[in-house]
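The sequence and the structure are shown first.

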Amino acid sequence: MKARTYQQEAVNSVLQDFRDEYQSVLVVMATGTGKSFVLAELASLAQKGRVLVIAHREEIIHQLAKMLRVVSDKEVGIEMADWRAQTRWNRPQIVVATIQTLMANGCYRLEELVDDPGEWSMTIVDEAHHSSADSYVRMIEHMQQNDSHRVLGVTATPD
């Protein structure tokens, strides 16, 4: 898959903002313009550490995992309900998870998956307009125990 010009410009802008030491960046793109592709491209370009991609609906999780597998050469796992992204022997570089699964039972799955936030370089929040909810805030605070951690939000509706 090849990026359209405006998608590549979005990717380049985010990379520049992260190089300029911004801890978090929001990408706003209209519905149907390839937010998932931009998200997947940025996840695949992560040089250090693992990437956590968060969404709030099962269908979105599967769509994102599919796009990530097409765009990236990194292993992609799903953490959702009965799906486990990692085992003792397998720790995928990119994990797509539902916020509900990670935050259930006192954040048990988040703490199990991200037992060492230092291993994770970036969290990407799809439909980032939901990220002001307590569950997202708690998850991001957990990830930002790593001082070099970056957060990318992607949405069509930032309000």
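The model is predicted.

Five helices and six strands make up the secondary structure, and along the sequence they follow the pattern α-β-α-β-α-β-β-α-β-α-β. The C-alpha trace spans about 40 × 30 × 25 Å along its principal axes. For 159 residues a compact globule would have a radius of gyration near 15 Å, and the 14 Å of this protein agrees with that. Of the contacts with a separation of 6 or more, 72% are between residues 24 or more positions apart. Buried residues account for 49% of the 159 residues.

| Core | Number of residues | Residues, among them |
|---|---|---|
| Largest nonpolar core | 33 residues | Val51, Val53, Leu68, Val96, Ile124, Leu152 |
| Another core, apart from it | 20 residues | Ala97, Ile99, Met143, Val151 |

Beyond its neighbours within four places in sequence, Val51 is in contact with residues including Ala43, Ala46, Ile94, Trp120 and Ile124.

Strand β1 (residues 24–28) has Val25 and Val27 on its covered face, whereas Ser24, Leu26 and Val28 form the uncovered one. Strands β1 and β6 (residues 150–155) run parallel and are joined by five bridges. Within this pairing, Ser24 stands opposite Val151 in β6, and Val151 is also one of the residues of the 20-residue core.

Definitions and conventions. Residues numbered from 1 in each chain as written. Predicted model: local features only at pLDDT ≥ 70, side-chain atom pairs only at ≥ 80, totals over all residues. Heavy atoms only, no water. Buried < 20%, exposed > 50% of the residue type's maximum accessible area, 1.4 Å probe, protein only. Helix = DSSP H or I, 4+ residues; strand = E, 2+ residues; numbered from the N terminus. Pairing = 2+ DSSP bridges. Core = buried A, V, L, I, M, F, W, Y, C linked by side-chain atoms within 4.5 Å. Contact = heavy atoms within 4.5 Å. Rg over C-alpha atoms; globule rule 2.2 N^0.38 Å.
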